[in-house]
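Dear colleague,

Please read the notes with the model open beside you.

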Amino acid sequence: MFLTNPTSKTLKKLLSHSQKPIFSFLCHPQNPPYSHTQKSHYVDVYMKWKKDPYYDSIDHIHKSIQLKPIISLKNCIAQDPNGCIPISQVSKRGLEFDVLMKVARFLRQYPAIFEEFTGPQYNLPWFRLTPEAVEIDREEKRVFENCKEDLKDRLKRFILMSKGKVLPLKIIQGMQWYLGLPEDFLRCLEVNLDGSFKFVEMEDGLKGLAVECEEKVLSVIQRNAMKKGVYFGEPMEAIEFPFFPRKDARLRRKIDDWLKEFQKLPYVSPYEDFLHLDPGSDIAEKRVVGFLHELLSLFVEHSAERKKLLCLKKYFGLPQKVHKAFERHPHMFYLSLRNKTCTAILKEAYNDKLAIERHPLLRVRNKYINLMKQSGVILKNKRLSNRFLDRGSAKLDLDLDVVDEERGEITDLDVSPV
């Protein structure tokens with residue numbers, strides 16, 4: 001009698017055709033709690049990009065492109081037993097040092113770092129480090145020696161965020177500058193690493209470096225939230241991201257509402273498994289944003305060229321359009337367009353200096369940048385001096401011409417008939 005009722009027939013039909021029965025959750029109690037929170041409330045966040053002079057004026061970020069080849073050439077000279085090299089030793093290695101001009105010309109652009117002199121044979125130009133550069137090089141070596149454990153920990157965290165806790169050596173080499181690792185770090189891995197690291201063979205014949213770590217690793221966001229007493233380490237616990245909006249930022253109501261709901265979502269640490277997340281959900285996006293925050297926290301300048309970060313997608317499980325995360329969350333990241341490239345900058349590192357530990361190598365790089373600035377002053381004074389000498393020579397030549405003309409006139413007068 002019950003099944004013949006029209007209403008019951010409709011209900012039976014709905015239940016039979018439904019792929020997800022209404023009461024299916026009673027039959028699958030093993031489903032984790034996050035399966036019911038992975039909703040997608042996508043809002044097309046678009047804010048007109050606006051230049052910020054504060055982030056665009058941070059020297060150690062925007063001079064990093066020029067500083068990297070300078071450090072490489074400095075190391076080449078410093079490692080020589082004589083402390084000096086002929087130009088022939090590096091003249092054909094421009095691509096290796098990321099130098100896009102003649103190496104000799106590049107070295108001459110920084111006289112406060114590289115000192116040129118005539119070699120013992122064939123009058124070839126040789127280069128050595130200036131006393132100021134030698135002193136900074138010694139300090140840099142001391143930093144590497146004193147911070148071995150810190151550098152090792154940064155590399156370990158970088159690998160632990162990847163899929164399978166393993167990365168190809170070529171990826172690590174590409175991020176070496178950002179992580180602050182010395183240039184010869186990968187050549188002496190057996191000496192620089194401990195037993196938690198091991199070499200593995202990866203697909204496509206790549207050699208990789210894996211990390212074994214059973215203890216729970218907390219991200220910077222988790223540690224800071226614990227200090228503030230707003231996070232207790234519970235699974236799927238919500239943590240709000242630190243926002244630093246522009247003073248003149250005005251968000252549309254729907255975007256503002258979406259951000260408030262986004263902050264309430266559970267926080268998934270970049271060191272935790274993420275394969276259970278729906279790639280299209282808001283919680284998956286929060287995991288991606290948290291990953292980018294942690295990654296930039298590990299870097300020396302807390303910034304990186306965006307195109308370099310896009311190369312990490314395959315090994316860190318990032319979505320195809322991961323670059324959109326920077327645009328959708330301008331309260332956390334700033335995109336600088338200086339140096340004809342796009343650089344992603346973590347705002348928190350420059351607005352709350354107590355939140356993220358200052359990298360020990362940053363002070364050394366700033367000292368090299370000061371020498372770069374001094375080089376510009378030296379070259380400018382040299383050009384002005386040469387211009388002054390050229391003008392003086394021209395004036396002297398003009399005076400001599402006048403004297404010659406006067407002498408010619410006197411001679412003419414003397415030989416003329418009375």
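Helix α4 contributes eight residues to the lining of the largest pocket, which is the largest share. Please keep in mind throughout that this is a predicted model. The volume of this largest pocket comes to about 1,200 Å³, and of the 41 residues that line it, N75, Q176, P182, E183 and D184 are the closest to its centre. Besides α4 (64–78), the elements that give two or more residues to this lining are α6 (131–146), α7, α8 (169–174), α9 (176–179), α10 (189–192) and α18 (362–415). Sorted by class, the lining of the largest pocket holds 18 nonpolar, seven polar and 16 charged residues.

The lining of the second largest pocket divides into twelve nonpolar, nine polar and seven charged residues.

Turning to the helix contacts, how do α7 and α13 cross? The axes of α7 (residues 148–160) and α13 (residues 282–298) come within 10 Å and cross at roughly 160°, and because angles over 145 degrees count as roughly antiparallel, α7 is roughly antiparallel to α13. The crossing in which α7 passes α13 is left-handed. On the α7 side, R154, R157 and F158 take part, and they meet E294, L295, S297 and L298 of α13; by class, this contact is made up of three nonpolar, one polar and three charged residues.

Helix α13 also has a contact with α12 (residues 253–264), where the two axes come within 10 Å and cross at roughly 75°, so that α12 and α13 are roughly perpendicular to each other. In this second contact, W258, F262, Q263 and K264 from α12 meet D282, E285, K286 and V289 from α13, and the residues involved divide into three nonpolar, one polar and four charged.

With best regards

Note on methods. Residues are numbered from 1 along each chain as its sequence is written. This is a predicted model: local features need pLDDT of at least 70, side-chain atom pairs count only at pLDDT 80 or more; totals for chains, interfaces and linings use all residues. Side-chain values use heavy atoms; hydrogens and water are left out. Axes are lines fitted to C-alpha atoms, for helices over the stretch in contact, and angles run from 0 to 180 degrees between N-to-C directions. Helices (H or I, at least four residues) and strands (E, at least two) are DSSP runs, numbered from the N terminus. Angles under 35 degrees count as roughly parallel, over 145 as roughly antiparallel, 65 to 115 as roughly perpendicular and the rest as oblique. A crossing is left-handed if the near helix is turned anticlockwise from the far one by less than a right angle, and right-handed if clockwise. Contact means heavy atoms within 4.5 Å. Ala, Val, Leu, Ile, Met, Phe, Trp, Tyr, Cys and Pro count as nonpolar, Asp, Glu, Lys and Arg as charged, and the others, Gly among them, as polar. On a 1 Å grid over the protein atoms alone, a cavity is a set of points where a 1.4 Å probe fits but cannot get out, and a pocket is an open set with protein on both sides within 12 Å along at least five of seven lines; lining residues have an atom within 4 Å of a point. Grid points are joined across faces, edges and corners, and a volume is the space filled by probe spheres set on the points.
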